[in-house]
Amino acid sequence: MDKPVVAVNSTPIILLQKIGRLNLLQKLYSEVYIPKAVYKEVIIDGIEKISGQEDFLMINNWINVVDIQNENAKKMFATNLHAGEVETIILAMERTVDLCILDDLLARKYAVKFNLNVTGTLGVLIAAKKQGYIKSVKPLLDMLVSVGIYVSEELYNNVALLAGE
């Protein structure tokens, strides 16, 4: 089976970089696309969120930073979602990617309404475990919690269960 093509939003990029696992995207997916708005959110506006990091998106040249084509489509979402989320959804539709990686619940709901397949950072970890790129999800979940992501006990247990732990 061919590896999927994905469009990724800011939060999964930031979280995976913070725990040193951004490379999982390269291992799991054949092509990784981010829109310019995500690049802006992560590198230009948000690099201080990832202390000591330079432009890690350009260093990881397997991450394709691209423009969306339909700028007018952004108007449909502008009041409800961040620019990165909006452009990630539009990019996913324009490139007909296999999977859209978003963590924000509202953004995920919009993506599903546009018939996009959706996962999030935790779904990436589950996929990495199932494909043998990591041995265990729980230590990475603990790392995510330590860098500031909120994971309820129920979600933590569900992710561990889905990962076979």
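Which residue does the side chain of Asp-67 meet in a salt bridge? In this predicted model, the partner is Lys-36, and the N to O distance between the two side chains is 3.2 Å. The two residues belong to distant parts of the chain, 31 residues apart, with Lys-36 in helix H3 (residues 36-44) and Asp-67 in the loop between strand E3 (63-66) and helix H5 (83-94). Neither side of this pair is fully enclosed or fully open by the criteria applied, because a residue is counted as buried under 20% relative accessible area and as exposed over 50%, and the values are 46% for Asp-67 and 40% for Lys-36, so that Asp-67 is partly exposed and Lys-36 is likewise partly exposed.

The count of salt bridges in the model comes to two, and the other pair is formed by Glu-165 and Lys-129, whose closest N and O atoms are 3.2 Å apart.

When residues up to four places away in sequence are left out, Asn-64 touches Glu-31, Val-32, Tyr-33 and Ile-34. For one of these, Glu-31, the separation from Asn-64 is 33 residues in sequence, while the C-alpha to C-alpha distance in space is 7.7 Å.

Strand E2 (residues 31-35) runs parallel to E1, and the two are joined by three bridges. E1 pairs in the parallel sense with strand E4 (residues 99-101) as well, again over three bridges, and within this pairing Cys-100 of E4 is the bridge partner of Ala-7. Strand E1 (residues 5-8) is covered on both faces, since Val-5 and Ala-7 on one side and Val-6 and Val-8 on the other are all buried, each thus falling under 20% relative accessible area.

Methods
Residues numbered from 1 in each chain as written. Predicted model: local features only at pLDDT ≥ 70, side-chain atom pairs only at ≥ 80, totals over all residues. Heavy atoms only, no water. Salt bridge = Lys/Arg side-chain N within 4 Å of Asp/Glu carboxyl O. Helix = DSSP H or I, 4+ residues; strand = E, 2+ residues; numbered from the N terminus. Buried < 20%, exposed > 50% of the residue type's maximum accessible area, 1.4 Å probe, protein only. Contact = heavy atoms within 4.5 Å. Pairing = 2+ DSSP bridges.
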